[in-house]
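Please work through the exercises below with the sequence and the structure at hand. Each task is followed by a solution in steps.

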Amino acid sequence: MKSSALPTEAQREKICDLIASAFIELRYLDGEQAHDLAYAFHNLPKEIYGWGTWSVDVTRGRLSYYQTKHSENLGFNYVKAFDLIFGD
């Protein structure tokens, strides 16, 4: 797995906005979809500050997996928002 440079402060702030959006959406989900959304985000708060290995590609992959799996019931496009932060 290729690690990436840690996010800038501005990027971290935008990631926090994404995490907040996920928490809001979690209030309306249940079961497997709620689990998958939580899984996509659960390591981000620590990874963006250097815990483990930060990788833009791996994080984008987790978000993409969630969106592909639950494409029929998406409330927010996390991949698009993530790409606006880190480019595509």
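The exercises move from the whole chain to a single residue.

The model is predicted, so local features need pLDDT of at least 70, side-chain atom pairs count only at pLDDT 80 or more, and totals for chains, interfaces and linings use all residues. Residues are numbered from 1 along each chain as its sequence is written, and side-chain values use heavy atoms, with hydrogens and water left out.

**Exercise 1.** Determine how many helices and strands the chain has.

*Solution.* Helices (H or I, at least four residues) and strands (E, at least two) are DSSP runs, numbered from the N terminus. Counting these runs gives 5 helices and 0 strands. Along the sequence, the pattern is therefore written α-α-α-α-α.

**Exercise 2.** Compare the radius of gyration of the chain with that of a compact globule.

*Solution.* The radius is taken over C-alpha atoms, and the globule rule is 2.2 Å times the number of residues to the power 0.38. For 88 residues, the rule predicts a value near 12 Å. The chain has 12 Å, which agrees. The C-alpha atoms fill a box of roughly 35 × 25 × 20 Å along the principal axes.

**Exercise 3.** Is V58 buried, partly exposed or exposed?

*Solution.* First, locate the residue: V58 lies in helix 4 (residues 56-69). Next, recall that buried means under 20% relative accessible area, exposed over 50%, and partly exposed in between (1.4 Å probe, protein chains only). V58 has a relative accessible area of 32%, so V58 is partly exposed. In the chain, 39% of the 88 residues count as buried.

**Exercise 4.** What are the sequence and C-alpha separations of V58 and S4?

*Solution.* In sequence, V58 and S4 are 54 residues apart. In space, their C-alpha atoms are 9.7 Å apart.
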